[in-house]
Amino acid sequence: MFAADLFKGKVVFVTGGGSGIGYTIAKQFLLLGAKVWIASRKEERINKAIDELSVFGKVNGATMDIREPLDIEKVAEKIKLEDGRLDILINNAGGQFPSAAENISYNGFKAVINNNLLGPFYVTQIMAKTFFIPQNEGIIVNIIANMFRGFPGMAHTGAARSGVDNLTKTLAVEWSRFNIRINAVAPGIIQSSGLDQYPPDFLKGITDVIPMKRTGTMEETANPVIFLSSPLASYITGETLYVDGGNRLWGDQWKM
Ligand SMILES: NC(=O)c1ccc[n+]([C@@H]2O[C@H](COP(=O)([O-])OP(=O)(O)OC[C@H]3O[C@@H](n4cnc5c(N)ncnc54)[C@H](OP(=O)(O)O)[C@@H]3O)[C@@H](O)[C@H]2O)c1
């Protein structure tokens with residue numbers, strides 16, 4: 001559907017690009033001609049993904065914890081040394097665990113806020129200061145979650161992702177002067193490795209309450225990210241695109 005050379009000559013960085021949705025986003029960018037960097041905490045995961053993704057194009061990787069600004073700065077330096085620029089940042093890395101709000105420990109809440117709110121901010125600010133602001137050009141897409149009506153069962157990530165949703169709007173306004181566009185994609189229930197961490201019965205019957213009566217695929221999540229990163233979306237900034245089969249509008253997110 002997209003032109004095969006849509007991202008030819010572009011350098012893309014996908015956090016958490018070694019698995020699931022991030023991996024699929026990285027693959028789509030490679031298929032459309034981009035040079036892609038992926039990074040996450042587990043070296044083994046990143047190396048395996050690089051081996052597999054190399055079939056589709058030029059991909060590099062690094063280990064990095066998005067909660068550690070020094071790690072992120074090192075990756076920025078690597079990208080600068082090797083490619084001299086960065087065109088597109090996809091803030092995809094993240095994670096959370098289900099729990100009733102009254103049972104979330106302070107440490108657990110803090111851990112999810114660190115991972116899903118502070119982490120994306122650190123990555124965004126470092127990449128903007130290293131590349132996008134001096135280049136006077138850049139595109140950012142934040143992967144958040146379907147917290148349109150709150151996030152019952154995962155209060156910590158609802159709060160964190162809402163923060164990123166708001167950051168998306170704020171930075172869209174503040175950084176328009178640097179020719180930076182920033183948008184978000186909010187996935188509903190997507191069949192990916194990310195779902196493996198939930199208890200087996202957690203999502204039982206979920207498709208009954210999704211208006212489209214099915215979960216989404218990783219490709220269906222990656223495609224809107226590709227669109228928002230492309231010149232086809234050149235006048236779109238500060239938006240959140242829900243990719244959830246209508247779940248934000250109707251039906252339970254999941255059984256409490
Ligand atoms: N699947 C869904 O239904 C769904 C719905 C809404 C939102 N999301 C969000 O979409 C994103 C991708 O999800 P997914 O389903 O593809 O899950 P996934 O396979 O678990 O992907 C998450 C990735 O993020 C990386 N990561 C996590 N914490 C990190 C950290 N502190 N620093 C660096 N990397 C980190 C992980 O790699 P390492 O372990 O190697 O660090 C992993 O590759 C996540 O943010 C997820 O919360 C998913």
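**Helix contacts and a ligand shell**

Trainee: Which residues of α4 are met by Pro-69, Ile-72, Glu-73, Ala-76 and Lys-80 in α3?
Mentor: The model is predicted, so local features need pLDDT of at least 70 and side-chain atom pairs 80 or more, while totals for chains, interfaces and linings use all residues. Residues are numbered from 1 along each chain as its sequence is written. Helices are DSSP runs (H or I, at least four residues) numbered from the N terminus, and contact means C-beta atoms, placed from the backbone, within 7 Å. The partners in α4 are Tyr-122, Val-123, Ile-126, Met-127 and Thr-130.

Trainee: How many residues of the contact of α3 with α4 are charged?
Mentor: Charged means Asp, Glu, Lys or Arg; Ala, Val, Leu, Ile, Met, Phe, Trp, Tyr, Cys and Pro are nonpolar and the others, Gly among them, polar. Seven residues of the α3 and α4 contact are nonpolar and one is polar, and the charged ones number two.

Trainee: Which residues of α1 make the contact with α6?
Mentor: On the α6 side are Met-218, Glu-219, Thr-221, Ala-222, Val-225 and Ile-226. On the α1 side are Gly-20, Ile-21, Thr-24, Ile-25 and Gln-28.

Trainee: Which helix gives the most to the shell around the ligand?
Mentor: The shell divides into 10 nonpolar, 15 polar and five charged residues. Both α1 and α4 supply at least two residues. With three residues, the helix that gives the most is α1.

Conventions. Two residues are in contact if their C-beta atoms, placed from the backbone, lie within 7 Å.
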